[in-house]
Amino acid sequence: MRKRYKKKFKKSFRFGDLIFLYLFFIFSLFFYLNLYYFTLPIILLFIFIPFYFYYYFIFITILFLLLFYFYYYFIIFLHDMTYIHVNPMDNKNGEIIVSIQSQVFDGFCGNNVGTFVLRRRGHIPKILNTVQYYSKYKHIGAEISNDTLKNIINEFCKDILFADNSSNTNNHTTTVITATSTTNTNQISFLTGYMKTYDCVDIVMNAIVELKKKKKIENIITNNENIEKIQNKEKEQVELLIENIINLNYFWICDPVMGDNGRVYVDSDVVKAYTKATTYADIITPNQFELELLSNTKINNEKDVIKSIDQLLNNGSKIIIVTSVRYSFDASNLYLYVGFYNNNKKLICFKFKIPRCDIDICGTGDLFTSLLLSFILKQKGNILKIISKVLNIMQVSN
Ligand SMILES: Nc1ncnc2c1ncn2[C@@H]1O[C@H](COP(=O)(O)OP(=O)(O)O)[C@@H](O)[C@H]1O
Ligand SMILES: Cc1ncc(COP(=O)(O)O)c(C=O)c1O
């Protein structure tokens with residue numbers, strides 16, 4: 001009786017197909033609701049229990065569960081490959097990043113880009129907005145006053161020095177050290193971008209220099225003897241290590257944002273302030289126009305670029321990265337140059353060719369500097385590899 005009924009049932013309803021559709025529907029629903037966590041297989045198991053007396057359904061259920069598990073772990077694997085998983089509150093390495101840039105209401109530039117990128121890559125930057133404008137193109141809004149800027153920066157410096165002095169006593173309540181009580185306050189990096197006025201650049205620069213002095217940060221630890229012992233090929237590699245060029249425990253990436261393609265968007269005397277800053281900044285990232293302003297040289301060819309880089313390095317900066325140079329004889333590419341002195345004070349310069357998109361993209365410089373900072377901190381090592389990684393992310397297809 002039961003057999004006959006089963007046969008009839010199978011023929012008329014095509015029960016197997018219905019179950020397939022049912023399973024498909026349930027899975028789609030759960031995925032749509034983002035409920036693909038561990039509880040789901042158990043829920044599904046209970047849903048399918050009524051069908052268990054058909055071994056055919058048992059087989060399908062197990063198959064689906066297995067597929068689900070593979071799919072789930074595959075997603076996690078892909079996610080891990082793509083993003084760096086960091087708990088935003090987990091500042092165990094004690095790094096302190098200070099991002100001093102603009103803030104705009106509309107669009108992407110300055111801290112809107114920089115701090116987003118840094119946070120997305122697992123850093124916890126401290127953020128100071130130098131201006132609050134409507135957009136990159138409409139500088140309507142307000143600049144931070146000198147007093148406010150000084151107050152905030154001084155407070156930060158006080159906190160840092162206080163943390164140093166009281167590193168053995170854990171009864172402090174300063175904001176800087178809230179992340180962990182074992183914060184290494186030597187691991188500080190400054191990223192500066194858009195600053196509208198001479199005073200703003202000057203105040204920030206003086207604070208950084210003063211802090212460096214108070215914390216007795218030595219500039220660099222290059223050990224000539226060790227490098228001489230290494231064979232020639234390896235010697236070249238050692239020269240390229242960023243930790244041999246700048247002090248990674250404390251450095252300043254200064255993007256001298258002044259203008260682009262002949263258009264200036266800061267006060268005219270800001271160039272003087274940045275020229276002074278080239279003495280103290282560890283890494284300077286001008287575009288072609290900014291390099292021309294800083295070196296007072298018109299860039300027509302590669303020789304001009306190298307001469308200007310040499311001039312800025314001579315002032316005291318450790319690394320110059322000219323983020324984009326456009327030559328009249330090559331409209332389809334941009335060129336990025338990186339220059340620094342080796343131990344024998346010989347200028348080392350490399351260039352990267354970048355396929356140029358025929359659009360004016362907003363905030364590219366700010367994206368570049370924040371990625372650069374992140375890769376320096378996370379990856380260290382060969383400076384050319386660091387820049388390649390940054391450019392790989394920046395690369396856009398035409
Ligand atoms: N038109 C473009 N085509 C391709 N890449 C670009 C373009 N504009 C900018 N970039 C990328 O952004 C980086 C920084 O851009 P740049 O224009 O030099 O910065 P800034 O915003 O400071 O002027 C370049 O090194 C390059 O990788
Ligand atoms: C307010 C403001 N205007 C203009 C610029 C220049 O933008 P870009 O670097 O894309 O030329 C910036 C960059 O930070 C900015 O913050």
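A polar contact is a pair of N or O atoms within 3.5 Å; within protein, one atom must be able to donate a hydrogen and the other to accept it, and sequence-adjacent residues count only if both atoms are side-chain atoms.

The model is predicted: local features need pLDDT of at least 70, side-chain atom pairs count only at pLDDT 80 or more, and totals for chains, interfaces and linings use all residues. Residues are numbered from 1 along each chain as its sequence is written, chains are lettered from A and ligands numbered from 1 in the order in which they are written, and side-chain values use heavy atoms, with hydrogens and water left out.

**Exercise 1. Find the polar contacts of ligand 1 with Ser 324, Cys 357 and Ile 359.**

Step 1. Start with Cys 357. One of its polar backbone atoms is 2.9 Å from a nitrogen atom of ligand 1.

Step 2. Turn to Ser 324. Here a polar side-chain atom lies 2.5 Å from an oxygen atom of the ligand.

Step 3. Check the cover. On its own, ligand 1 has 560 Å² of accessible area, and the protein covers 89% of that (Shrake-Rupley method, 1.4 Å probe; for residues, only the protein chains shown count as cover).

**Exercise 2. Describe the shell around ligand 1.**

Step 1. Count the residues. The ligand is surrounded by 15, and the closest include Asn 287, Thr 323 and Gly 365 (near means a heavy atom within 4 Å).

Step 2. Sort by class. Eight are nonpolar, five polar and two charged (nonpolar: Ala, Val, Leu, Ile, Met, Phe, Trp, Tyr, Cys and Pro; charged: Asp, Glu, Lys and Arg; polar: the others, Gly among them).

Step 3. Locate the suppliers. Strands β9 (319-325), β10 (333-341) and β11 (347-355) and helices α14 (364-378) and α15 (383-394) each give at least two residues (DSSP runs numbered from the N terminus: helices H or I, at least four residues; strands E, at least two).

**Exercise 3. Which parts does the salt bridge of Asp 282 and Lys 212 tie together?**

Step 1. Confirm the pair. The two side chains meet at 3.4 Å, N to O (cut-off: a side-chain nitrogen of Lys or Arg within 4 Å of a carboxyl oxygen of Asp or Glu).

Step 2. Asp 282 lies in the loop between α11 and β8 (283-284) and Lys 212 in helix α7, so the bridge joins parts 70 residues apart in sequence.

Step 3. Check burial. Asp 282 is buried at 3% relative accessible area, and Lys 212 is buried at 14% (buried: under 20%; exposed: over 50%; partly exposed: in between; 1.4 Å probe, protein chains only).
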